[in-house]
Amino acid sequence: MNCLQSWPEPIVRVQSLSESGIKSIPERYIKPPLHRPSLKSTDDDFRTNNDQPRMNIPVIDLQNMFGQDKALRDETLRSVSSACREWGFFQVVNHGVSHELMRSAREVWRQFFKLPVEVKQEYANSPTTYEGYGSRLGVEKGAKLDWSDYFFLHYMPHSLRNQSKWPALPPSCRDLVAEYGDQVVKLCGELMKMLSVNLGLGEDQLPDAFGGENIGACLRVNFYPKCPQPDLTLGLSPHSDPGGLTLLLPDENVAGLQVRRANNWITVKPIPNAFIVNIGDQIQSVEHRVIVNSEKERVSLALFYNPKSDLLIQPMKELVTKNRPALYPPMTYDEYRLFMRTKGPCGKTQVDSLKSNT
Ligand code: OGA
Ligand code: NI
């Protein structure tokens, strides 16, 4: 059923490479020239005394969604709708998740990655489930690799949640990770209702189509070590997230995430205490990637909110018409995710390759 048993090559921790003090990066992290980031324009992006306003993804205040004023709620829904249509990416503030919890969750993961390699090695993952400490996505032999390590774990469904696979150190890690998951999953539920209403459906229809109580939720904590040649590589290659929604808690100090807009890569400037939200392939996604730098390492927490894994994914009946037919054949999320887990990040070629030839 699942042919992903082991990694095709020995795993090298990018953090160890970075800390070894090498001045040039190994060949397998060097991207072909066309795929390299153009870091110069990124610097321009961040020049604050630039006359041109810097382009950034929309920032949406969710405060009014939790209040009783319908007109204000509708206005918020409209901003989410246009952000989804125009960008597929936005930041949310006043989202209800404790700022203190966001800070401590990020901090505890930073501490985890600072632990000695032998400690982290106990959680070394395999491509069967990807759970644990990893340093590559995809199992293609000889593939170019990304400049990052990560930790992947499951929250939901409950049958997959196994706290003994979560880091035992730092001592507060498991409790913080659990509390963080509870609060962020709840926020995802609210956002799903908003998307449902924006699609012209009842607020529970899209959440129900995702499996209601049985949705999937998992966390990937990305660690991007300092890189001596950031212009030759990427922290995470262009990809779209396979699931429904992603809530990213970025590093407060270091930018890195870039969102594709036509042929440009826009560097996201994180707002304090905000989450970066993006819609995944199950709703219609946007390509993004991560750049690295030589000065600072970077930590980000990506919580993926996914459909129940064995449901057949297809458009809501209400939304399909003769003139607006389904674009993709139905398949389960389990089947879909296997693509990503085999090939690793490769832009949107995955989802595009599935389009029906109509
Ligand atoms: C991801 C992702 C962005 C980041 O984990 O899928 O896109 O800034 N992360 O780390
Ligand atoms: Ni992503």
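This is a predicted model: local features need pLDDT of at least 70, side-chain atom pairs count only at pLDDT 80 or more; totals for chains, interfaces and linings use all residues.
1. Helix α4 (residues 99-114) and helix α6 (residues 173-198) have axes that come within 10 Å and cross at roughly 135 degrees. That angle makes α4 oblique to α6. The crossing in which α4 passes α6 is left-handed.

2. On the α4 side, L101, S104, A105, V108 and W109 make the contact, and they meet C173, L176, V177, E179, Y180 and Q183 of α6. By class, this contact between α4 and α6 consists of eight nonpolar, two polar and one charged residues.

3. Three cavities of 30 Å³ or more turn up in a search of the whole structure. The largest cavity holds about 250 Å³ of space. It is lined by 16 residues, and F152, R220, P242, M340 and R341 are the closest to its centre.

4. Two or more residues of the lining of the largest cavity come from each of β4 (149-156), β5 (216-224), β12 (298-306) and α8 (333-343). Helix α8 gives the most, with four residues. The lining of the largest cavity comprises ten nonpolar, two polar and four charged residues.

5. The volume of the second largest cavity is about 130 Å³. Its lining counts 17 residues, with L236, L248, L257, H288 and A302 nearest the centre.

6. At least two lining residues of the second largest cavity are supplied by each of β5, β6 (236-239), β7 (245-249), β11 (288-290) and β12. Strand β12 provides the largest share of this lining, four residues. By class, the lining of the second largest cavity has eight nonpolar, six polar and three charged residues.

How values were computed. Residues are numbered from 1 along each chain as its sequence is written. Chains are lettered from A and ligands numbered from 1 in the order in which they are written. Side-chain values use heavy atoms; hydrogens and water are left out. Axes are lines fitted to C-alpha atoms, for helices over the stretch in contact, and angles run from 0 to 180 degrees between N-to-C directions. Angles under 35 degrees count as roughly parallel, over 145 as roughly antiparallel, 65 to 115 as roughly perpendicular and the rest as oblique. A crossing is left-handed if the near helix is turned anticlockwise from the far one by less than a right angle, and right-handed if clockwise. Contact means heavy atoms within 4.5 Å. Ala, Val, Leu, Ile, Met, Phe, Trp, Tyr, Cys and Pro count as nonpolar, Asp, Glu, Lys and Arg as charged, and the others, Gly among them, as polar. On a 1 Å grid over the protein atoms alone, a cavity is a set of points where a 1.4 Å probe fits but cannot get out, and a pocket is an open set with protein on both sides within 12 Å along at least five of seven lines; lining residues have an atom within 4 Å of a point. Grid points are joined across faces, edges and corners, and a volume is the space filled by probe spheres set on the points.
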